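Here's a quick briefing to read alongside the model. Have the sequence and the 3D view open as you go.

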Amino acid sequence: MKQIHSHSKNSLFLMEMIFVLLFLALSSAACVRIFAAAAGNHVQAVESRQIQAHTVSVSEIMEGSDGSTDSFIQYLCGGISDASSVSWYYDSDWDICEKQDASYQMLLELSSSRYEKAGMLSFYRMDADHALLHSTELRFPSIQSALKEEES
């Protein structure tokens, strides 16, 4: 007659619990990675939305004004200008702030000529490596120069 070996029910239950705990640990690790990636994507989406809004504002000012640093300071408050550029500093919520408190910098470098208002608009993250987030070149015809030539 054959002998039947029976395994203890406790050892089977223990093995099953180990597999369940292993599955839960792997699942939770995957969930943590998904949430971390979602947080990073959210930050990038906010940056992109703010960059787009500020680019539109600067473009409209450049198109509708004489393109000087004074016009940008007048219409877009909080800027700091020097000879041919204007800088704006923003905190992590994209509110205007002082340079030492800034998380982001928007820099407009003007290079206008007689017939054209032009500039390079750049956005930087104010971290250790001063990372460039976005840069775009803006160009508009200088209507004031064309009108002055027609009058002459």
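Gln44 counts as partly exposed because its relative accessibility is 49%, where partly exposed is the range between buried (under 20% relative accessible area) and exposed (over 50%), with a 1.4 Å probe and protein chains only. Gln44 lies in helix H1, and its C-alpha atom is separated by 9.6 Å from that of Leu133, 89 residues away along the chain. Keep in mind that this is a predicted model, in which local features need pLDDT of at least 70 and side-chain atom pairs count only at pLDDT 80 or more, while totals for chains, interfaces and linings use all residues. Residues are numbered from 1 along each chain as its sequence is written, and side-chain values use heavy atoms, with hydrogens and water left out.

**Helix H1**
- H1 covers residues 9-64, and its end C-alpha atoms sit 82 Å apart, in agreement with the 82 Å that 56 residues should span at 1.5 Å a residue; the expected span is 1.5 Å times one less than the number of residues.
- Its buried residues are Val46, Glu47, Ile51, His54, Thr55, Val58, Ser59, Ile61 and Met62.
- What covers those buried residues includes helix H2 (69-75), strand E2 (85-90), E3, E4 and E5.
- As a reminder, an α-helix has 3.6 residues a turn, so residues three or four places apart point the same way.

**Strand E4 and its neighbours**
- E4 (residues 116-125) is mostly covered, with 7 of its 10 residues buried.
- E3 (residues 104-110) runs antiparallel to E4, joined to it by 7 bridges; strands pair if DSSP finds at least two bridges between them.
- Glu109 has Met120 in E4 as its bridge partner, and the E3-E4 hairpin leaves 5 residues between the strands.
- With strand E5 (residues 132-141), E4 pairs in the antiparallel sense over 9 bridges.
- Tyr124 stands opposite Leu132 in E5.
- The E4-E5 hairpin has 6 residues between its strands, and His130 in the turn has a positive phi of about 50°.

**Ser122**
- Ser122 is found in E4 and counts as buried because its relative accessibility is 3%.
- The side chains of Ser122 and Ser135 are joined by a polar contact of 3.2 Å, meaning a pair of N or O atoms within 3.5 Å; within protein, one must be able to donate a hydrogen and the other to accept it, and residues adjacent in sequence count only if both atoms are side-chain atoms.
- Leaving aside residues up to four places away in sequence, Ser122 touches Gln105, Met106, Leu107, Leu132, His134 and Ser135, with contact meaning heavy atoms within 4.5 Å.

**The whole chain**
- The protein chain has 3 helices and 5 strands, in the order α-α-β-β-β-β-β-α along the sequence; these are DSSP runs, with helices (H or I) of at least four residues and strands (E) of at least two, numbered from the N terminus.
- Of its 152 residues, 28% count as buried.
- Among contacts between residues at least 6 apart in sequence, 35% join residues at least 24 apart.

**Confidence**
- The average pLDDT of the protein chain is 86, and 89% of the residues score at least 70; pLDDT is the predictor's confidence in each residue, from 0 to 100.
- Confidence is highest in E3, at 95, and lowest in helix H3 (residues 143-151), at a mean of 59.
- Where pLDDT is low, the predicted coordinates should not be read in detail.
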